[in-house]
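Student: I would like to learn how to read a sheet and a pocket in a model. Please take them one at a time.

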Amino acid sequence: MKTTRAHCKQPACRAAIEISRTDLTMVVVEGAERCAVRGHHVPLLAQGASGITQEGMGELVAALTTLVGKEKLNGTSVRIALSSDFCVTRVVAGETEVVQREIRELRERSSHYLWLGAGPKALAESSRAIDAKQTQTWLTVANDHTLSSVVRAAKQAGLSVEFIEPSMLAMCRALGKTGRDKDGPVILIELIQRGVALGVSYRGQLLFDYRPGGIDSKEHIAEIVTRHRERIQRYCNRYFRFAT
């Protein structure tokens, strides 16, 4: 008896993009069980110190359009991660009433994050219950103009934006998937234009987002982590008693 094998149609490509002030990175995943993964990295030269300028917008559209054409991604839904140059996430945990009060104060202070650029700020908030009395809440702040520019650039390049999130949260989720932060919190280090962003991930969730001062901090990463480790530990002990 002659046997024939059915050929399954490969699922559509999935794409993810990270945007920072200095570069754009795209990762394309094709296939299901045996995935083919391709990456592209494009330097960005015209991004402003506190936001995406008109010239930077043109550069971003051009870079995205080139990659979309190269990968035949026109019409594809993408997920976008913004580096810590463009956004900041505050995490508060504890008794629900206390958390709500602190988050309310953070919302009110969000307009003072001048390094994110002038103009209105966009806020995204997410909460989860730790137990009957305690809550953990994440509040992300970004410049509204930056977000609208990124969405507009993607649309002009032929992409549909599924969602936008901070790179730090994406890294935490990746750690959670691998299980590397299952038994205890892990320190994350992100190099950004303004220096270094430090994060703490525990079971796939961000506990702490911290920006040590000094734009030359990326040359002294080991010293910075050592110097600030006790402070990070005290912060985690205070707010995140549920994490070892």
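**Sheet and pocket**

Tutor: Three strands, in the order β9-β10-β11, form an open sheet with antiparallel pairing. Strands (E, at least two residues) and helices (H or I, at least four residues) are DSSP runs, numbered from the N terminus. Two strands pair if DSSP finds at least two bridges between them. The model is predicted: local features need pLDDT of at least 70, side-chain atom pairs count only at pLDDT 80 or more, and totals for chains, interfaces and linings use all residues. Residues are numbered from 1 along each chain as its sequence is written, and side-chain values use heavy atoms, with hydrogens and water left out.

Student: Which strands stand at the edges?

Tutor: β9 (186-192) and β11 (205-210) do; each has a single partner strand, so one side of each lacks a neighbour in the sheet.

Student: Over how many bridges do β10 and β11 pair?

Tutor: Strand β10 (residues 195-202) pairs with β11 over five bridges, in the antiparallel sense. Tyr202 stands opposite Gln205 in β11.

Student: What is the volume of the largest pocket?

Tutor: A pocket is an open set of points on a 1 Å grid over the protein atoms alone, where a 1.4 Å probe fits, with protein on both sides within 12 Å along at least five of seven lines; lining residues have an atom within 4 Å of a point. Grid points are joined across faces, edges and corners, and a volume is the space filled by probe spheres set on the points. Here the largest pocket holds about 510 Å³ of space. Its lining has 19 residues, and Ala16, Arg79, Glu165, Ala170 and Arg173 are the closest to its centre.
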